[in-house]
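Subject: A structure for you to look at

Hello,

Here is the structure I promised to pass on. Please have a look at it first, and then read my notes below.

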Amino acid sequence: MTHTLTILGSTGSIGQSTLDVVARHPDRYLVHALTGHTRIAELAEQCRRFSPARAIVATTADAQALRRLLDASAQERAIQIDHGPEALCEVAAEADYVMAAIVGAAGLPSAMAAARAGRRVLLANKEALVMAGALFMDAVATAGATLLPIDSEHNAIFQCMPVSTSGALEAADQRVSRVLLTASGGPFRTMPVERMSDVTPAQACAHPNWSMGRKISVDSATMMNKGLEVIEACWLFGITPDRIDVVIHPQSVIHSMVEYVDGSVLAQMGNPDMRTPIAHALAYPERIASGVRPLDLAAVGRLDFEKPDLVRFPCLDLAYHALRSGGGAPAILNAANEIAVGAFLEGRIRFTAIAQVVEQVLENVAAEVPRSLDDVLALDQVARVRAIEVVRVAKGDRSPSQRIAASF
Ligand code: NDP
Ligand code: MG
């Protein structure tokens, strides 16, 4: 049976990997909509190759640019081109399957629209659950949507959890004692701590095992990514933070584990390639080829494990703090982090200032419990404004090389 598929954020790292898997199974998936934000030429190329019914971009000018690029290449199928956040929500509600792979808070409304429409939601956008976990899980339950995690750790946990009678994702029951969330430790796991204030965006984005978008690469380098993932796991699997342990595993071969009350620990393994969780969620409960190389354990040689260092990685601690505070604190954490990471990538603050910005914003914005999506988005805006102010102050904290690189 063929399923229609919308890919929100098709021009990104996850979006491209999704299309790579889809191209291997043209009989199973019919691309309904593709969406991009800045990479219009790449979106045009994807449109030519996959002939979606619809394509969504950010602005009228982008829509015109995409139209021109497509007209120049005598497209067989007429593609409807629209722009803006509402159009993203429309295409999210229209297809059988929706890959939610827009980065950051910008991905929340369309991921929510897919959940509310009762679709199969393949959730890569972890920020949606961090910002609006309760509302998102409610929408999934109310609309009878099928939620499948794409984040490799959560996909691994899902694969290691007891099989539910419905086959759907369910809260962990009393058979499960603990979830072991693995983390690579990123590019700065062994760097002397005193050198971390001078690392550059290029160094932070050079992840040792995974090839990803720039925002999540920086999150991996600060380990904020693992903090966001702890919050994500709590919502997805209905578990409390005390039942989640983060373990550093530099080889990224074990993608996470589930421990049972009898002492059994089940792990999901594989080469670090996002096409595995993407293929798993696309085909679930069946299995399809993903193009991922078979795992050669002899070549890997050894699997190492260590405890995370919270002095080196204060962002992980801040995420735990926000999670325990509850209410709107995780949404504030997320917004502050997005602003701080953006500022670091633009050379405006040091790497080590990211945690400082997040901490100050968490201390200064009231974490009221959001009751609606609008509440979440309003809180996100307040936290962003505060974070921008904190960044402005922190700007004086630049390293000499960054000061030269910066344009002011
Ligand atoms: P990328 O930066 O590579 O891609 C992001 C996508 O979102 C692009 O298609 C981009 O468009 C689009 N986009 C960016 N801003 C907006 C906006 N304001 N409105 C609409 N679309 C926008 O990110 P990744 O693919 O790496 O990550 C996507 C999500 O998946 C993130 O939430 C990340 O945390 C999560 N994830 C990613 C993993 C990975 O391996 N990459 C692993 C696990 C989770 P354009 O490129 O055209 O500007
Ligand atoms: Mg992950």
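A salt bridge here is a side-chain nitrogen of Lys or Arg within 4 Å of a carboxyl oxygen of Asp or Glu. By that rule, the structure holds 26 salt bridges.

Before the details, two notes on how to read them. This is a predicted model, where local features need pLDDT of at least 70 and side-chain atom pairs count only at pLDDT 80 or more, while totals for chains, interfaces and linings use all residues. Residues are numbered from 1 along each chain as its sequence is written, chains are lettered from A and ligands numbered from 1 in the order in which they are written, and side-chain values use heavy atoms, with hydrogens and water left out.

Let me begin with the salt bridges. D151 pairs with K126, and their closest N and O atoms are 2.9 Å apart. This links distant parts of the chain: D151 sits in the loop between β7 (146-149) and α7 (152-160), K126 belongs to helix α6, and 25 residues separate them. (Helices, H or I, of at least four residues and strands, E, of at least two are DSSP runs, numbered from the N terminus.) Both D151 and K126 are buried; buried means under 20% relative accessible area, exposed over 50%, and partly exposed in between, with a 1.4 Å probe and protein chains only.

Another salt bridge joins E389 and R386, with 2.6 Å between the closest N and O atoms. The two residues lie in helix α16 (residues 373-394), 3 residues apart, or about one turn of the helix. E389 is partly exposed at 36% relative accessible area, and R386 is partly exposed at 25%. Salt bridges with shared partners also connect K126, D151, E153, K226 and E229 into one network.

Now to ligand 1. Of the 23 residues around the ligand, T11, H37, T38, R39 and E127 come nearest (a residue is near if one of its heavy atoms lies within 4 Å). This shell has 9 nonpolar, 10 polar and 4 charged residues, and draws at least three residues from each of domain 1 (3-150) and domain 2 (176-300). Helices α1 (13-23) and α6 (126-143) each supply at least two shell residues.

How far is an oxygen atom of ligand 1 from an N or O atom in the side chain of T11? The distance is 2.7 Å. An oxygen atom of the ligand is also 3.2 Å from a polar backbone atom of G9.

Best wishes

Note on methods
Polar contact = N/O pair within 3.5 Å; in protein donor to acceptor, adjacent residues only side chain to side chain. Nonpolar A, V, L, I, M, F, W, Y, C, P; charged D, E, K, R; others polar. Domains from an automatic or database assignment.
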